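Visitor: I am new to reading protein models, and I would like to learn by asking about this one. Could you show it to me and then take my questions?

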Amino acid sequence: VGGTNTRFSLWSGGLHEACQWATGDSATLGEALHAYLEKIGRTETEIKGVVVAVAGAVKQGRVQLTNGRWSGDVRETKAPCLILNDLAAAAGAVRHVAPDNQKVLASGNRNVDGMMAVLGLGTGHGQACRIGNTTLAGEGGHADFAPGDEEQQRLIGWMQRDTGGRVRVEDVLSGPGLGALLRYVIEEQELSENAKMALEAGCAWEALATGHWKTDSACSDAIALFGRCLATECRNVAMRSLATGGVYVVGGVANRLAPALCQEAFEEAFRGGKSGRGVTGLSASVLKQIPVTLVLDENVGLIGAGLEGERLWSQDSR
């Protein structure tokens with residue numbers, strides 16, 4: 001369950017009868033589950049358990065969506081129910097995604113036993129770390145964004161006009177964040193006529209950037225800036241968690257940006273720029289080993305939820 005879209009699926013060794021609709025169409029877990037089962041012609045008694053991966057902090061089996069009105073509680077289902085953070089679910093699934101459904105943003109030598117870090121870019125921004133079968137989900141999107149170069153410092157200064165001083169990671173690295181970056185860019189650079197017409201017709205800023213980057217230099221520059229900001233945050237997360245198992249980027253926004261993100265430019269920003277200025281010594285040697293991978297499967301959260309349910313209830317049945 002994300003801020004924009006909800007995806008449901010049955011799980012039996014894989015995804016079956018997957019459906020998607022707007023999160024705002026359902027206010028609660030019970031309502032959403034009932035709508036899904038009705039759509040596929042099933043009843044709750046046929047289900048062994050329910051796993052919900054949701055974009056929000058989970059407390060005592062209950063969650064409130066961070067960017068929306070949706071809420072969930074384990075008591076809303078007749079079947080056993082587990083609610084977990086969406087990035088926690090994704091962290092359990094990223095290594096199950098086929099290589100052709102991944103894009104390398106920065107090369108490195110992944111330690112399969114090391115800590116992994118996962119960043120989720122969507123309506124909001126989520127983060128989680130995983131080592132072995134243990135996942136730690138946090139609220140990294142609500143931490144302060146740390147600019148990695150002079151251009152990013154100017155961007156943060158511009159954004160502080162609206163925020164009153166504090167700029168979160170989520171304000172920069174999310175769908176709305178991409179829209180903000182495009183508005184920042186066009187203060188110095190005009191949109192093309194086609195892009196202007198799309199904006200006047202009601203196109204959202206984020207969609208404008210991802211839809212016109214090939215033909216509009218302002219949209220292209222906004223996405224390039226987004227990529228450098230993402231590289232900065234990936235670097236910070238990699239160092240904080242010592243993510244020798246790799247950094248993974250997931251989410252709908254990341255998927256839409258995939259064709260426009262250049263590995264060479266991203267890797268250069270991740271390593272600290274052409275000269276590596278500011279990233280030296282231990283930091284440089286660590287970052288050289290850590291790969292960054294963009295996961296192109298938008299169902300990675302669903303897969304992670306299914307795997308967690310399989311692990312949980314297969315243990316119960318033994």
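Guide: Gladly, and please keep in mind that this is a predicted model. Let us begin with N85 and its surroundings. Setting aside neighbours within four places in sequence, N85 is in contact with A53, V54, G56, V58 and A137.

Visitor: Where does N85 sit, and is N85 buried or exposed?

Guide: N85 belongs to strand 7, which covers residues 81–85. Its relative accessibility is 10%. The cut-off for buried is under 20%, so N85 counts as buried.

Visitor: Which backbone oxygen does the side chain of N85 reach?

Guide: Look among the contacts of N85, which include V58 and G56. The side chain of N85 comes to 3.1 Å from a backbone oxygen, and that oxygen belongs to G56.

Visitor: Now to the whole chain: how many helices and strands are there?

Guide: The chain has 318 residues, of which 48% count as buried. Its secondary structure is made up of 12 helices and 13 strands.

Visitor: What radius of gyration does the chain have, and what would a compact globule have?

Guide: The C-alpha atoms fill a box of roughly 60 × 50 × 40 Å along the principal axes. For 318 residues, a compact globule would have a radius of gyration near 20 Å. The chain agrees with this, because its own value is 20 Å.

Visitor: What share of the contacts joins residues at least 24 apart?

Guide: Here we look at contacts between residues at least 6 apart in sequence. Among these, the share joining residues at least 24 apart is 70%.

Visitor: How far apart are the mean positions of the positive and negative charges?

Guide: The chain holds 30 positive and 36 negative charges. Take the mean position of each group, and the separation is 5 Å.

Visitor: Let us zoom in on helix 7. Which of its residues are buried?

Guide: Helix 7 runs over residues 205–212. Its cover includes helix 5 (175–185), helix 6 (193–200), helix 8 (217–241) and helix 9 (252–257). The residues of helix 7 that count as buried are E206, L208, A209, T210 and H212.

Visitor: Is G211 buried or exposed?

Guide: G211 is also found in helix 7. Its relative accessibility is 58%, and the exposed class starts over 50%. Therefore G211 counts as exposed.

Visitor: How far is G211 from A32?

Guide: Along the chain, G211 and A32 are 179 residues apart.

Visitor: What is phi of Q60, and is Q60 buried or exposed?

Guide: Q60 is in the loop between strand 4 (58–59) and strand 5 (62–64). Its phi is near 50 degrees, a positive value in a residue other than glycine. At 85% relative accessibility, Q60 counts as exposed.

Visitor: And where is L242, and how accessible is L242?

Guide: L242 has a phi near 50 degrees, again positive in a residue other than glycine. Its loop lies between helix 8 and strand 12 (247–250). L242 counts as partly exposed because its relative accessibility is 47%.

Note on methods: Residues are numbered from 1 along each chain as its sequence is written. This is a predicted model: local features need pLDDT of at least 70, side-chain atom pairs count only at pLDDT 80 or more; totals for chains, interfaces and linings use all residues. Side-chain values use heavy atoms; hydrogens and water are left out. Helices (H or I, at least four residues) and strands (E, at least two) are DSSP runs, numbered from the N terminus. The radius of gyration is taken over C-alpha atoms; the globule rule is 2.2 Å times the number of residues to the power 0.38. Buried means under 20% relative accessible area, exposed over 50%, partly exposed in between (1.4 Å probe, protein chains only). Contact means heavy atoms within 4.5 Å. Lys and Arg count as positive and Asp and Glu as negative; His and the chain ends are not counted. The place of a charge is taken as NZ of Lys, CZ of Arg, CG of Asp or CD of Glu. A polar contact is a pair of N or O atoms within 3.5 Å; within protein, one must be able to donate a hydrogen and the other to accept it, and residues adjacent in sequence count only if both atoms are side-chain atoms.
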